[in-house]
Amino acid sequence: VKQSDYRGTMNITNVGVQCIAWDDYRLRLYPEFGLEANNNSEGNNFCRNPDNQHAAYCLTDDFYGYCDVPMCNPHECMPPCGTPNFENSGCPSFLQAENCCKWEEDTSSCKCGYLKEACRKSLEIDTEDFCDDAVAACYEGKYDPHYKCRMYEQICSELKTEFACELAAKSCCEFDVAYWATPQCHCDFRTYTTDVLSVGGSLAFMSEKCLEASLIVDTYSNYDHALVLEGFYRENGGEHWFNNDGWLEDEDHCNWFGVACNGDGLVTELDLRNNNLTGTNPFALLPLELTWLDLAENNLSGAISEPILILRKLVHIDISKNQFSGHADMTFAPSTVHANYSNNKFTSAGFNGFNAAYES
């Protein structure tokens, strides 16, 4: 762990040079450490490793130096198997995972519990030691691409620290495909940690992400709903639907079978239940203003693609009795009250606690 969990009082380097305080003005002379904006909040001159150097060190009048931090005896550091770790370090829990799970029938599950605690202890002191080990142990043999997000989100909710919650936000909100969904996710997460958990952080960053998300929504709001529905029709076998009355024929798309609009002509409901829809990505082409979506009892398949994340106003979604697979995010929209994903081929499902829909 590179001694990042050391909390002793050693304040002399391994060559006998006295350490200077971490809040000393000379800290700004060493920008390569990245410590000026996030330095050691204790204000002391004890040896520490706040930025993942090779080992615990301290700054000196000349530059910096490593410290001879004593290593503990593993047999003395490790609590008995099955007992809590009361130290301010994840090392004892890590040792429990290494030594207490050898003879367990389910080694991964045994290690998962200990390593999650090791990760949690590390995040308490603003390091990520053992967290990748925890994800690997807990994720082994499972298909759940959101496990890392849910693990960090849980720890964020428990610790209520900016460091833990920042790591959770990164784990939950970095989308490779739907990159445009990243700002909205960060906005939701920061709003949750600020309003619900009372966790401090950069309000400017939250405002920036929320503004960026609103601009993206405004862009999608300008799309022609008739053209969007036309694309949906062609991609999901519209010619072979049981009922496609009006589709692509009536000039007013609000008169098409299964479509309902508001007073401004914006599509708010799409009900094509049991209508012989066939396709592998029905969520790529849907109107932004949708509040009601019923695609149940059709022949739709594939994974629930990330474009669905932009349907922020969706109150009701029913996609039951299809052939969807992969992971199902049950609370992707903050407005959702009813979600029916049953009778599909999903291999995992998740609920994001930071999403407003989680409470409903």
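**A loop residue and the fold beyond it**

Tutor: Happy to. Leaving out residues up to four places away in sequence, Thr 280 touches Ser 301, Gly 302 and Ala 303. Please keep in mind that this is a predicted model. Thr 280 sits in the loop that links strand E5 (278-279) to E6. Thr 280 counts as exposed because its relative accessible area is 54%, and the cut-off for exposed is over 50%. Another part of the chain comes into view here too: the C-alpha atoms of Thr 280 and Gln 323 are 9.3 Å apart, although 43 residues separate the two along the chain.

E6 belongs to an open sheet of five strands with mixed pairing, in the order E3-E4-E6-E8-E10. Strand E3 (259-261) and strand E10 (338-340) form the edges, each pairing on one side only. From one strand to the next, the twist averages 15 degrees. At the E3 end of the order, E3 and E4 run antiparallel and are joined by three bridges. There, Val 259 stands opposite Leu 270 of E4.

Not counting residues up to four places away in sequence, its contacts include Leu 229, Phe 232, Trp 247, Val 259, Leu 286, Leu 290 and Leu 293. Leu 270 is also one of five residues, with Phe 232, Trp 247, Leu 293 and Phe 332, that touch the most other members of the largest nonpolar core, a set of 34 residues. Helix H9 (225-235), strand E4 (267-271) and strand E9 (323-329) supply at least two residues each, and H9 gives the most, with three. A second, separate core has 33 residues, among them Ala 137, Cys 149, Cys 172 and Cys 185. As background, nonpolar side chains in soluble globular proteins tend to be buried together.

H9 deserves a look of its own. Its buried residues are His 225, Val 228, Leu 229, Gly 231, Phe 232 and Tyr 233, and what covers them includes E3 and E4. At the start of H9, a side-chain oxygen of Asp 224 comes to within 2.8 Å of the backbone nitrogen of Ala 226. Just after the helix, Gly 237 adopts a positive phi of about 65 degrees.

Ser 89 lies between helix H1 (74-77) and helix H2 (91-100). Ser 89 is buried because its relative accessible area is 10%, and the cut-off for buried is under 20%. A polar atom of the Ser 89 side chain lies 3.0 Å from the backbone nitrogen of Cys 91. Aside from neighbours within four places in sequence, Ser 89 is in contact with Asp 5 and Lys 121.

Finally, a word on confidence. The mean pLDDT of the protein is 82, with 83% of residues at 70 or more. Where pLDDT is low, the predicted coordinates should not be read in detail.

Key. Residues numbered from 1 in each chain as written. Predicted model: local features only at pLDDT ≥ 70, side-chain atom pairs only at ≥ 80, totals over all residues. Heavy atoms only, no water. Core = buried A, V, L, I, M, F, W, Y, C linked by side-chain atoms within 4.5 Å. Buried < 20%, exposed > 50% of the residue type's maximum accessible area, 1.4 Å probe, protein only. Helix = DSSP H or I, 4+ residues; strand = E, 2+ residues; numbered from the N terminus. Contact = heavy atoms within 4.5 Å. Pairing = 2+ DSSP bridges. Axes fitted to C-alpha atoms, helices over the stretch in contact; angles between N-to-C directions. Polar contact = N/O pair within 3.5 Å; in protein donor to acceptor, adjacent residues only side chain to side chain. pLDDT = per-residue confidence, 0-100.
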